[in-house]
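Colleague: Could you walk me through a few spots in this model? I'd like to go residue by residue.

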Amino acid sequence: MEPPRQALWPIGLLEPDPRPSFLVQLPASSDTVTDATVVYQNPALASHGDLQSTITLFPEQHGEPFWSWIINPEVGGAGSPWFSFRGSIWTKVVLQTRWIIVGSNEIHPPEAPAVLGPPSISRVQSSQMRLDGLDHLNRSMIKSQFTESAPTTPVVNPRLESDKPRPARVLSEPNQKAIEIAHGQESFLEIVEATDWDSTPLGPMDSWPPLLQQTYSQMLCNSQPTAIYWGEDFTTVYNEAFSLLVGSRHPSTLGKPMRDVFPDMAGQIQKLMDTSVKKQRASNEDETRFFVDTPSRPPLETYLKWSIVPLTQDNKCYGFVHHISETTLYQLFRRRIKMLVNMGEELGTAKDVKSLWGKLINEFASYEPAYDIPLAILYSIEKDESVREGTTTKYASSRICHFEGALGVPPGHPITPEQLRLSEADDGLAPQIRRALQGRKPLLISEADGSLPKDLLQGLQWRGFGDPCDLAIVLPIRPTRDEEEMGVLILGLNPRRPYDDAYKLYIRLLNQKLSMSLACTVLLQEERRRGRTAAEQAAYDHAMLKEKLAYQMKETIEYTRLFQTVSEFIPNGFSIGDHQGNITFANRLWYRITGYPEGPVSNAGFLDCVLEEDRPKIREAYERLKSRDEVDFEFRIREADHKEEPMRVQSPFENAGLDLAAAAQDRTERHVMAQAKAERAGDGTIIRTFTCLTDVTAHKKVADEAIMRAQQAGNLKRMAELATVGMFDMDMSGRLLGANNVFFELCGLAKGYTIVAKTEFASLADMRWYDDECPAHAKLKALVPEFGLNPPEDVMSIYFEPGHVAVL
């Protein structure tokens with residue numbers, strides 16, 4: 001069922017209440033009270049499904065005790081404000097005789113032995129204290145029955161039973177025991193009680209309208225900042241949570257017009273009021289930045305989101321309830337995370353560490369709003385080479401800082417020296433940087449304890465809100481946890497926000513982002529250096545290889561030219577073939593021997609010049625070359641295919657009077673002697689073959705003729721031996737060349753042979769030793785008779801020196 005518009009204001013109070021509560025609408029006539037209906041159930045009740053279902057069915061269950069207690073004030077005692085149902089104590093409040101607010105309170109009834117502590121304002125369970133608050137605000141409206149039911153065990157502190165009405169705070173968390181609160185916690189109620197309400201348009205609290213009393217009592221129970229603007233002047237009353245937003249102006253704002261409480265936002269709030277009255281429903285406002293005044297610091301930056309609910313009765317608006325939700329942490333987190341994300345994307349484009357520092361300062365400078373970066377100082381760090389091991393220095397540090405940039409610092413300011421030698425320097429923030437580097441973690445420095453010198457803060461151009469910072473943090477920046485710092489960042493903290501856990505988390509995330517960006521940049525820089533070195537080395541190697549290849553190519557061309565030149569002088573045909581038998585090179589003599597036209601040689605094309613019956617010899621020879629390193633073979637070439645002039649071949653037979661030219665011309669075929677050799681790879685396969693051809697046609701003819709002449713000479717010799725006359729052959733000098741047996745017999749000459757042995761000696765003594773004492777020579781002399789010789793008649797030794805001959 002949709003609740004009526006007049007009931008919207010109590011619904012706004014029940015909505016955030018963590019206790020199960022619901023709103024009952026009474027009928028217009030008291031005669032039909034049984035027709036009351038449940039018009040609203042808060043989320044806390046909706047979370048208890050079984051309990052919600054039971055309460056939803058109450059209007060249909062007439063006579064049910066709990067429902068009867070709600071709609072009938074006589075049940076459970078006249079005007080009894082509490083009822084025990086399902087293990088909880090339920091209280092009710094009747095508003096304007098039209099609605100009843102019913103709420104669950106998990107506490108013992110007054111009869112239970114639950115005694116509060118010593119006399120003081122105590123925080124008890126919600127419904128009890130809420131009822132106390134209503135009782136104190138308007139005793140005539142609801143009379144508490146607690147003291148009547150349990151006179152010996154009072155629930156409310158007796159101090160609250162004073163003559164002057166006093167509002168009470170309540171605890172909205174269930175299942176908690178009553179505890180005492182400190183003096184600071186009870187100050188708000190005392191302040192409300194001590195406020196001079198008589199001087200305000202509201203007047204004394206006893207005279208407040210019931211609607212205002214009831215609403216304010218409910219509002220005191222709420223931990224959410226809430227205020228009421230009542231009457232034509234929009235007089236302001238609020239709860240303790242709201243007082244924190246007012247800041248140092250509290251409690252002077254109690255009872256003041258809304259325009260005095262929020263002078264900067266009065267127009268905005270007034271507009272929302274008009275909208276809510278016009279639409280008869282709550283009017284919501286987007287998040288707004290608000291500054292809370294503080295006594296000794298700049299106003300606190302706060303972000304709020306609120307809604308305005310009209311307080312109406314009988315279709316007339318008497319005031320407004322201002323519900324406020326603080327979203328400061330969310331807004332700050334979103335703003336800071338956005339800055340870190342954008343900064344990470346920009347820093348990721350840095351090519352080296354030097355450009356990373358520049359991009360970091362530029363990113364800080366470009367980001368808006370600059371509330372969280374009111375001051376930034378950046379130094380790069382490197383090892384101080386002037387500090388040697390064993391050198392005595394003022395401070396135990398071997399680092400040197402170079403200024404890289406700053407925000408909010410004018411040029412030449414003493415807080416940013418261009419260089420800081422940490423082994424000696426005391427100027428600028430050198431001591432703070434040394435401490436941060438030694439601790440290897442962020443260092444908080446403060447103006448209050450002197451770690452942030454006041455004299456260095458003079459003349460700075462504060463960014464953001466323009467307020468000077470009294471806190472700063474020194475962030476060492478290193479790529480990884482185990483490496484040395486490569487930079488240090490000094491950040492001024494937002495003066496309008498406390499350095500709380502959320503701020504510490506932001507600083508930690510910022511430090512991690514800087515470390516990650518630096519690590520990536522260092523790795524990228526190192527990788528580029530390696531790539532550059534590798535590229536330079538590759539370029540150098542390429543140039544050297546190119547030069548070497550050019551030299552080798554030139555050398556190869558020269559060797560090829562020399563080889564071709566030499567191949568033309570060798571008296572043989574020479575050819576080179578690949579592993580498939582194709583001729584890749586041949587000298588000119590090869591073409592002349594084979595008769596193949598000069599030019600490229602097709603696969604085994606020269607076989608066409610070979611006699612058909614010799615072609616298998618060539619194929620067989622090359623087949624044997626697959627298993628042998630060298631083969632010899634012979635083949636013949638058809639003379640009809642040889643078109644060139646006959647070759648001039650020189651032979652030793654020419655001295656014998658043989659006409660080789662005539663023999664070469666007298667032919668019908670050519671005889672070729674071939675030798676083939678294979679060049680093999682590591683696995684034994686043939687890479688190329690070398691073939692050498694020799695034209696042996698003329699030699700073949702001469703050899704045949706010589707054989708023929710030898711046969712003829714043999715025949716003549718045999719004929720001479722058979723002759724009956726003496727026959728001899730003598731040269732022109734009278735030297736006998738040969739004779740038959742008849743010649744020797746007729747001349748009385750012995751037919752024999754002369755053996756001549758020549759031996760050279762170093763001296764005459766060696767010669768005599770050889771002739772007389774040498775065992776080998778003695779054995780030779782002993783063998784002479786075996787040949788039919790009779791020494792010394794048939795053996796003669798001649799000894800001589802050059803130019804002289806002596807006969808011994």
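Colleague: Where does His413 lie?

Modeller: His413 lies in the loop between strand 14 (399-407) and strand 15 (419-421), strands being DSSP runs of E with at least two residues, numbered from the N terminus. This is a predicted model, in which local features need pLDDT of at least 70 and side-chain atom pairs count only at pLDDT 80 or more, while totals for chains, interfaces and linings use all residues. Residues are numbered from 1 along each chain as its sequence is written, and side-chain values use heavy atoms, with hydrogens and water left out.

Colleague: Is His413 buried or exposed?

Modeller: His413 is buried, with a relative accessible area of 8% (buried means under 20%, exposed over 50%, partly exposed in between, with a 1.4 Å probe and protein chains only).

Colleague: And what does its side chain reach?

Modeller: The side chain of His413 reaches the backbone oxygen of Gln458 at 2.6 Å. Leaving aside neighbours within four places in sequence, His413 is in contact (heavy atoms within 4.5 Å) with Leu456, Gln458, Gly459 and Leu460.

Colleague: Switching topic, which residues are buried in helix 17?

Modeller: In helix 17 (residues 615-624), a DSSP run of H or I with at least four residues, Arg615, Ile618 and Ala621 are buried. They are on the same side of helix 17 because they cover an arc of only 125° around the axis, the arc being that of the directions from the helix axis to the C-beta atoms.

Colleague: What do they pack against?

Modeller: The buried residues of helix 17 pack against strand 21 (630-638).

Definitions and conventions
A polar contact is a pair of N or O atoms within 3.5 Å; within protein, one must be able to donate a hydrogen and the other to accept it, and residues adjacent in sequence count only if both atoms are side-chain atoms.
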